[in-house]
Amino acid sequence: MLIVERTEELRGTVNAPPSKSYTHRAVICASLGDGVSKIVNPLNSEDCLSSVNGCISLGANIDIGEDTWVVEGNYNSPKTPDNVIDVKNSGTTLRILTGISSQIPKGYAILTGDESIRRRPMGPLLDALNQLDITAFSSKMDGTPPVVVKGGKIKNNLVKIRGDVSSQFITSLMMTLPFSQEDSEIVLTTPLKSAPYLDITMDVLERFGIKVVKDNEGYGRFLVEGNQRYKPCNYTVEGDYSSASYIIAAGVLLNSEIVIKNLFQNSKQGDKRIVSILREMGAHIKVKEDRLIIEGSYHLEGISIDVKDIPDLVPTIAVLGCFAEGRTEIYNGEHVRFKECDRLHACAVELGKMGAKIREKPDGLVIEGVGKLKGAKLNTYGDHRLVMAFTVAGLLAEGRTVIEGEESVKVSFPDFISVMRSLGANLVVK
């Protein structure tokens with residue numbers, strides 16, 4: 001468990017951890033390539049290593065170094081796995097490799113994961129693959145993992161899929177359809193949530209030689225050229241705004257002088273919106289070309305925030321709202337319920353234990369700023385983002401906060417506790 005004590009100030013310079021989203025996509029693209037790629041500054045987290053192991057199961061050779069991964073691709077020919085692919089807690093690995101597994105030469109691929117993964121929805125992606133004449137189904141016949149995929153050729157060139165459950169489904173199709181002999185079209189049947197993640201996907205695909213074109217009218221339709229081949233590439237992973245959001249939030253709320261490096265102004269990450277959100281709330285964060293400078297604390301005012309494209313920021317925003325003056329409203333976040341846990345419900349219940357005035361809605365949260373919280377024993381439901389967000393709350397709470405399940409930070413930010421300690425946070429693991 002993690003013991004969090006009230007902290008008066010934070011000081012120092014740190015690097016944002018490498019982006020989880022970019023690392024996943026880069027290593028999977030490299031694993032399909034015609035030759036050797038180098039992934040520089042990858043995120044060595046449990047989630048990303050799940051993608052590494054899945055790619056090895058499909059025929060890639062990967063040498064994992066501390067700062068560089070050397071990937072020999074399977075030459076655009078995924079191999080039939082010798083065993084079940086265990087993605088552990090990684091939804092991104094599950095969704096993308098379900099699509100890629102359809103291109104094995106014969107037999108079946110079976111993908112599963114931990115208890116949380118085995119509750120994650122897969123129905124829309126399985127239906128989409130079946131539209132392409134690929135046999136793919138849930139072994140429980142309820143749309144959740146384990147999933148079974150039979151290798152086969154893509155025979156249709158039009159696929160329709162919902163856009164409001166997970167953008168990872170569309171990413172999976174974007175990365176799979178280049179194997180088709182014909183040009184393909186992806187049409188969304190509902191408005192897209194988490195659109196920036198598709199911008200990340202297309203950005204990485206382009207670096208590895210794959211062309212996907214977005215409809216000029218928006219995110220309702222995508223065109224994927226057929227008969228494309230993944231090419232090797234030396235790829236450097238940028239810093240992660242999602243993981244940095246906890247350091248940023250702590251710096252804004254506490255007396256601080258913090259510099260966070262490896263965060264780029266021109267990033268395609270949707271979660272860079274944490275900066276504009278906090279500026280709207282009243283924080284004067286300085287933005288340089290590749291770093292943020294925070295000199296807190298700041299007086300924050302509550303605002304209304306559409307989280308359609310930034311679901312991973314919801315726990316961070318919920319904590320910020322507790323210390324802002326007035327009302328903070330999070331809306332358009334129904335899909336936040338389908339992450340590692342139901343994050344809307346978890347934030348309402350657990351922050352409520354600390355004295356937060358927080359109300360759950362079907363698509364979000366309404367938080368009345370109380371200005372201070374009290375220490376409590378908190379359940380994090382095996383969710384890495386809740387551990388980190390609740391740690392920020394504990395740094396400002398009166399008394400001791402006990403956070404269970406702190407080991408889940410290994411999923412996305414393995415060095416979170418040591419980085420926060422280096423800045424002066426009062427944290428003890430027992």
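Tutor: A crossing of two helices is left-handed if the near helix is turned anticlockwise from the far one by less than a right angle, and right-handed if it is turned clockwise. The model we discuss is predicted.

Student: Is the crossing in which α1 passes α3 left-handed or right-handed?

Tutor: Helix α1 covers residues 20-31 and helix α3 covers residues 91-101, and their axes lie 11 Å apart at an angle of about 30 degrees. Angles under 35 degrees count as roughly parallel, and α1 and α3 are therefore roughly parallel to each other. As for its handedness, the crossing of α1 past α3 is right-handed.

Student: Which residues of α1 and α3 make the contact?

Tutor: Of the residues that form the contact between α1 and α3, three are nonpolar, three polar and one charged. Helix α3 contributes T92, T93, I96 and L97, while those on the side of α1 are H24, R25 and I28.

Student: How are α1 and helix α2 oriented, roughly parallel or roughly antiparallel?

Tutor: The axes of α1 and helix α2, which spans residues 46-57, come within 9 Å and cross at roughly 10 degrees. The cut-off for this class is an angle under 35 degrees, so α1 and α2 are roughly parallel.

Student: Which residues of α2 take part in the contact with α1?

Tutor: From α1 the contact draws on K20, T23, H24, V27, I28 and S31, and by class the contact of α1 with α2 has five nonpolar, four polar and two charged residues.

Student: With which side chain does the side chain of K20 make a polar contact?

Tutor: K20 lies in helix α1, and it counts as buried because its relative accessibility is 10%, where the cut-off is under 20%. Leaving aside neighbours within four places in sequence, K20 is in contact with a set of residues that includes L43, C48, H384 and R385. At 3.2 Å, the side-chain partner of K20 in the polar contact is D47.

Student: Does R385 count as buried or exposed?

Tutor: R385 lies in helix α11 and, not counting residues up to four places away in sequence, touches K20, S242, S243, Y246, D312, P315, R343 and S412. The side chain of R385 also makes a polar contact with the side chain of Y246, at 3.2 Å. Because its relative accessibility is 3%, R385 counts as buried.

Student: Which residue caps the N-terminal end of α10?

Tutor: Helix α10 spans residues 343-353, and its buried residues are R343, L344, A346, C347, A348, E350 and L351; the elements that cover them include α9, β20, β21, β22 and α11. At the N-terminal end, a side-chain oxygen lies 3.3 Å from the backbone nitrogen of L344, and the capping residue is D342.

Student: Where is S194 found?

Tutor: Most residues other than glycine have a negative phi. S194, although not a glycine, has a positive phi of about 65 degrees, and S194 is buried, with a relative accessible area of 4%. Its place is the loop between β11 and α6.

Student: What is omega for the cis peptide bond that joins P145 and P146?

Tutor: Most peptide bonds are trans. P146 sits in the loop between β8 and β9. The bond that joins P145 to P146 is cis, and its omega is about 5 degrees.

Technical notes: Residues are numbered from 1 along each chain as its sequence is written. This is a predicted model: local features need pLDDT of at least 70, side-chain atom pairs count only at pLDDT 80 or more; totals for chains, interfaces and linings use all residues. Side-chain values use heavy atoms; hydrogens and water are left out. Axes are lines fitted to C-alpha atoms, for helices over the stretch in contact, and angles run from 0 to 180 degrees between N-to-C directions. Helices (H or I, at least four residues) and strands (E, at least two) are DSSP runs, numbered from the N terminus. Angles under 35 degrees count as roughly parallel, over 145 as roughly antiparallel, 65 to 115 as roughly perpendicular and the rest as oblique. Contact means heavy atoms within 4.5 Å. Ala, Val, Leu, Ile, Met, Phe, Trp, Tyr, Cys and Pro count as nonpolar, Asp, Glu, Lys and Arg as charged, and the others, Gly among them, as polar. Buried means under 20% relative accessible area, exposed over 50%, partly exposed in between (1.4 Å probe, protein chains only). A polar contact is a pair of N or O atoms within 3.5 Å; within protein, one must be able to donate a hydrogen and the other to accept it, and residues adjacent in sequence count only if both atoms are side-chain atoms.
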